[in-house]
Amino acid sequence: MFEHVKEYAGDPILGLKDKFVADTKADKVNLGVGVYYDEDGKLPVLECVQTAEQRIANPISPRPYLPMAGFAGHRKGCQELLFGKDAQVLQEGRVATIATIGGSGALRVGAEFIHEWFPQSKCYVSDPTWGNHIAIFEHSDVEVGKYPYYDKATNSVKFDEMVSFLQTLNKHDVVLLHPCCHNPTGMDLSKEQWDKVLEVIQKHELIPFMDIAYQGFGEDMESDVYAIRKAVDMGLTLFVSNSFSKNLSLYGERVGGLSVVCPTAKEADIVFGQLTFTARRIYSSPPSHGGRIVDIVMNDEKLHEQWVGEVYAMRDRIKAMRLKLKSVLEAKVPNRDFDYLTRQNGMFSFTGLTPEQVERLQTEFGVYMISNSRMCVAGLNVNNIDYVANAMAEVLKEDA
């Protein structure tokens, strides 16, 4: 019956984990999957989350179906985190927000909405971007193109090329943007560059779709959403997908949100209805456990303050690992510039290694990263960073 079904080649990121597990090297290091690990190489359970879990468990309560849009407190938490607690756009009721199954679910609901109500629109993603961006939009029958972004030669953003390209797009084409901690390169736009990009979007009546999965891991909670709030201040209509996987360390709970900023409250009500209808057709309603954690942490002043401090501790550890890696590599490979490692933000770094050098790291040293050279910096710690840095220096020196 199923002889006509094509074989799935597997996900290049998740498949790397299987390869890592099968490796018998004692010093092997997994820098592939985008997960934050602490200094001991363990997945942390945040203290604020532990408190929320205790409240949920005392007493243990029934688990009915949630509304299609999820908990009201979850949605409120998304809105205030992204747009500001006292944001005028929220007071005016111009933001339609639903809770989703992670950031991926938010992207899927948004892509389905765009396909249905803007069928002529094409979606443009950065070159490169997170691979699932392309798969999600294409599976929703939205044509996907790429805009220039990363310059491998200079380890920087091709900003002039990016702006020139965006100026050629058609009205209501969608531009998928990373407000902070660009995945996979780690290279972000400056505030001045964001201003220019948003001016082009406004002039050409494009639709910005901001995907933010790492708020708090770049500079801080406010700075990381500069592009989102600037777009709102300019009066733009925009989509925002956000995830709590990383900054609440709730990967397996699949907790995210989709927000659409609309011109009027009436339009926001209409959009909200269509978003919930789309969710109903895909998964009916979001899971409750992660949503309750978000509700508790985001709407309790003390827990929220504690959470922000815990996120910043994770951010600072990642930055320290970047600095240490840069220091060792500069000493080992003095003829090469590694400043880009500390100019990058968030969990990921484009290391500049070739696919052949990445393969050598795996086979000879048991250091695993994606073949395009994307490394999860959060996988580094004081126990393995010297080993990783020395291994990287070895393949760089021999191939120089």
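Modeller: Axes here are lines fitted to C-alpha atoms, for helices over the stretch in contact, with angles taken between N-to-C directions. The model is predicted.

Colleague: At roughly what angle do the axes of helix 5 and helix 6 cross?

Modeller: The axes of helix 5 (residues 102-117) and helix 6 (residues 131-139) cross at roughly 40° and come within 8 Å. The crossing is right-handed.

Colleague: Which residues in helix 5 meet which in helix 6?

Modeller: On the helix 5 side they are S104, L107, R108, A111 and I114, and on the helix 6 side N132, H133, I136, F137 and H139. Contact requires heavy atoms within 4.5 Å. By class, the residues of this contact are five nonpolar, four polar and one charged.

Colleague: What makes R55 and D300 a salt bridge?

Modeller: The cut-off is 4 Å between a side-chain nitrogen of Lys or Arg and a carboxyl oxygen of Asp or Glu. The closest N and O atoms of R55 and D300 are 3.1 Å apart, so the pair meets that cut-off. A search of the whole structure finds 16 salt bridges.

Colleague: Which parts does the pair of R55 and D300 tie together?

Modeller: R55 is in helix 2 (residues 47-57), while D300 is in the loop between helix 11 (289-299) and helix 12 (301-332), so the pair ties together parts 245 residues apart in sequence.

Colleague: What omega has the cis peptide bond that joins N58 and P59?

Modeller: Omega is about -5° there, and P59 lies in the loop between helix 2 and helix 3 (72-83). Another cis peptide bond joins N183 and P184, with omega about 25°. P184 is in the loop between strand 7 (174-177) and helix 8 (191-203).

Colleague: Why remark on the phi of C181?

Modeller: Most residues other than glycine have a negative phi. C181 is not a glycine, yet its phi is positive, about 50°. C181 is also in the loop between strand 7 and helix 8.

Colleague: Which residues form a nonpolar patch on the surface?

Modeller: The patch consists of M1, F2 and V5, whose accessible area together is about 420 Å². V5 lies in the segment before helix 1 (14-22).

Definitions and conventions. Residues are numbered from 1 along each chain as its sequence is written. This is a predicted model: local features need pLDDT of at least 70, side-chain atom pairs count only at pLDDT 80 or more; totals for chains, interfaces and linings use all residues. Side-chain values use heavy atoms; hydrogens and water are left out. Axes are lines fitted to C-alpha atoms, for helices over the stretch in contact, and angles run from 0 to 180 degrees between N-to-C directions. Helices (H or I, at least four residues) and strands (E, at least two) are DSSP runs, numbered from the N terminus. A crossing is left-handed if the near helix is turned anticlockwise from the far one by less than a right angle, and right-handed if clockwise. Ala, Val, Leu, Ile, Met, Phe, Trp, Tyr, Cys and Pro count as nonpolar, Asp, Glu, Lys and Arg as charged, and the others, Gly among them, as polar. Patches are made of residues with over 30% relative accessible area and no salt bridge: like charges are joined within 9 Å, nonpolar side chains (Val, Leu, Ile, Met, Phe, Trp, Tyr) within 5 Å. Accessible areas come from the Shrake-Rupley method with a 1.4 Å probe; for residues, only the protein chains shown count as cover.
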